[in-house]
Amino acid sequence: MLASLTRELLQSLRIALQAIGAYTLFFVRLLKEVPRALLRFGLVVEQVHNAGALSLVIIMLSGLFVGMVLGLQGFDLLERFGSEESLGSAAALGLLKELGPVVTALLFAGRAGTALASELGLMRATDQLAAMEMMAVDPIRRVVMPRFLGGVLSMPLLAAIFSMIGIFGAQLVGVQLMGVDTGQFWSQMRSAVEFGDVMEGVVKSCVFGVACSLIAVYEGYHSVPTAEGVGRATTRTVVISSVVVLLLDYMLTAVML
Amino acid sequence: MPVNQGCEASASERDALVRVRGLHYSVSQRPIFAGVDLDIERGSVTAVMGPSGTGKTTLLRLITGQLMADRGLVEVEGQDVAGLQRDGIYRMRRRMGMLFQNGALLTDLDVYENVAFPLREHARLPERLLRHVVLAKLQAVGLRGACKLMPAELTGGMARRVAIARAIVMDPQLLIYDEPFVGLDPISLGVVLRLIRRLNDTLGLTSIVVSHDVHDLSAIAGFSYLLSGGGVIAAGPPSALATDTREEVRQFMHGLPDGPVPFHYPAPDYLEQLRQLG
């Protein structure tokens, strides 16, 4: 019993290590292609539009509601200590350092990540990637790399928009609805939020951008070329991205605190 | 007919664009090829036929360097494919065109851009010249008027013809067709058949057509190989294969339901199984 459990554990560990190794090799290959990809920046811009601009609505709506909930919960909590005027700084710090990057990354994985994975998976299933190979065009260079870079560039921009709209949502509830003083709300925020806090959010969203985009393109590119395989790749993209984002968030927070 | 007799008779080694010798290839220890020898004569249309699962597409992938042989030699234009690095394989592929079963058109590009794709990637042509080349290729397949359509708007036959236009846009020496007749209506099939022959003759190409449509291939191929059981079981002009009396060749060429390739998938005795079920 114990022996079989140990065997299974070792087997799982081996599979996990193999996956990490494969991801690392794929990432290194992508990094090597960065200079060439930047030379054809038009392809990257196209993907920034696909991954970024097309995710704007969901990001803005989610940002607004998260900010509004933060305003309500924050007001309720701070009112107990008689410091509801700190709502602005609490909402801003929470959004900039934590909620903005994390929720944006989770939404990105669900919207843009799945779109990337399924697009690449379908390209594989319909022989489009093989056709490129046969035309002596490297699919990693022509298809994968612009999508990866598009995702990486989109994420910090989306996170910034999410946080901005979130602060507006918190202000809407805190100031307009619950009666917190406007001046107090904004001045507390300005005095509490430092450049380092903003940078913490930027660094996190950049790292999450790399992680989510890498997972999406890897899973899509390596999907089994069947309908079931594409479905699995899409599901794996969301699941792995979500877990990795939360894990990285803890690690980054621990490092940057 | 001895397996290599036709080969020696019709495609002398010095005139072979593709030469395969002693090819062995396995997938997960299941042998696909065990000693295949064949030549593709320069300027010919050569058919590679065989029942499903005999490795026809695998053979193409080995010729194009998408797969590497376990043992044996695969030579294209005198170059050993196994000895080529990635760049070398890409250089070789620039002189090849391949038509996939479903056309494999890039779904986010229209017909014009699909055909222009290899040129945009490899040749820095002025837009005007590029347009001229692309429209000429589309004219050759009769689809110049469809250049603004998206792949989703094309019929199966049209998609196949666009894929042919894309395959010839770089003026390749070797054109490879993987199951080009699958799912085509009789009119589209006739069009594609004629195109394969006409393009081969007018552009001076060498064509390999992989299919199991015996009769269609007979109309255009000058030479054919029949693959089965990991090797070439017959080689020669399609008309010669049609009169071959060997059982496995006869079964394939005449579409007989039972023979060396059994109708029933291997299974335990049916009566015994029924008894067990009660």
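B:Leu174 is buried, since 22 other C-beta atoms lie within 10 Å and the cut-off for burial is 20 or more. The model is a predicted one. B:Leu174 belongs to strand β7 of chain B, residues 174-178. Which residues does B:Leu174 contact, leaving aside neighbours within four places in sequence? They are B:Leu17, B:Arg95, B:Met96 and B:Thr206. Another pair spans 27 residues along the chain: the C-alpha atoms of B:Leu174 and B:Asp201 are separated by 12 Å.

Now take the sheet in chain B. Its 4 strands run in the order β2-β1-β4-β5. The sheet is open, and the pairing is antiparallel. Which strands stand at the edges? They are β2 (30-41) and β5 (79-80) of chain B. Each has a single partner strand, so one side of each is left without a neighbour in the sheet. At the β5(B) end, strand β4 of chain B, residues 71-76, is joined to β5(B) by 2 bridges. These two strands run antiparallel. Here B:Glu75 stands opposite B:Asp80 in β5(B).

Most residues other than glycine have a negative phi. B:Ser28 has a positive phi, near 50°. B:Gln29 also has a positive phi, near 65°. Are these residues buried or exposed? B:Ser28 counts as exposed because it has 4 C-beta neighbours inside 10 Å. B:Gln29 is exposed as well, with 5 other C-beta atoms within 10 Å.

Further along chain B comes a hairpin. Strand β9 (residues 223-228) of chain B pairs with β10(B) in the antiparallel sense, over 5 bridges. There are 2 residues between the strands. In this hairpin B:Gly229 takes a positive phi near 55°. B:Leu226 has B:Ala234 in β10(B) as its bridge partner. Strand β10 of chain B, residues 231-236, is mostly covered, with 5 of its 6 residues buried.

Helix α11 of chain B, residues 270-277, gives a contrasting case. How many of its 8 residues are buried? The number is 0, so α11(B) lies largely in the open. B:Gly278 follows α11(B), and its phi is positive, near 80°.

B:Leu226 leads on to the nonpolar core. In soluble globular proteins, nonpolar side chains tend to be buried together. The largest nonpolar core here has 143 residues. Within that core, A:Cys212, B:Val162 and B:Leu226 touch the most other members. Helix α4 of chain A, residues 87-125, gives the most to this core, with 18 residues. B:Val162 can be followed contact by contact. Not counting residues up to four places away in sequence, B:Val162 touches B:Gly103, B:Leu105, B:Val111, B:Asn114, B:Val115, B:Leu143 and B:Leu154.

Turn to chain A. Its secondary structure comes to 9 helices and 0 strands. The C-alpha trace of chain A spans about 65 × 55 × 30 Å along its principal axes. Of its 257 residues, 45% are buried.

One helix pair in chain A shows the packing. Helix α3 of chain A, residues 56-80, packs with α4(A) at an angle of about 145°. The axes are 10 Å apart. The crossing of α3(A) past α4(A) is right-handed. The α3(A) side of the contact includes A:Ile58, A:Val66, A:Gly67, A:Gly71, A:Gly74 and A:Leu78. On the α4(A) side, residues including A:Leu87, A:Gly94, A:Leu99, A:Val103 and A:Arg111 meet them. The residues of this contact divide into 13 nonpolar, 6 polar and 1 charged.

Last comes the meeting of the two chains. 10 residues of chain A are in contact with 15 residues of chain B. On the side of chain A that touches chain B, the residues divide into 6 nonpolar, 2 polar and 2 charged.

Key. Residues numbered from 1 in each chain as written. Chains lettered and ligands numbered in written order. Predicted model: local features only at pLDDT ≥ 70, side-chain atom pairs only at ≥ 80, totals over all residues. Buried ≥ 20, exposed ≤ 12 C-beta atoms within 10 Å, placed from the backbone. Pairing = 2+ DSSP bridges. Contact = placed C-beta atoms within 7 Å. Nonpolar A, V, L, I, M, F, W, Y, C, P; charged D, E, K, R; others polar. Core = buried A, V, L, I, M, F, W, Y, C linked by C-beta atoms within 7 Å. Axes fitted to C-alpha atoms, helices over the stretch in contact; angles between N-to-C directions. Left-handed = near helix turned anticlockwise from the far one by under 90°.
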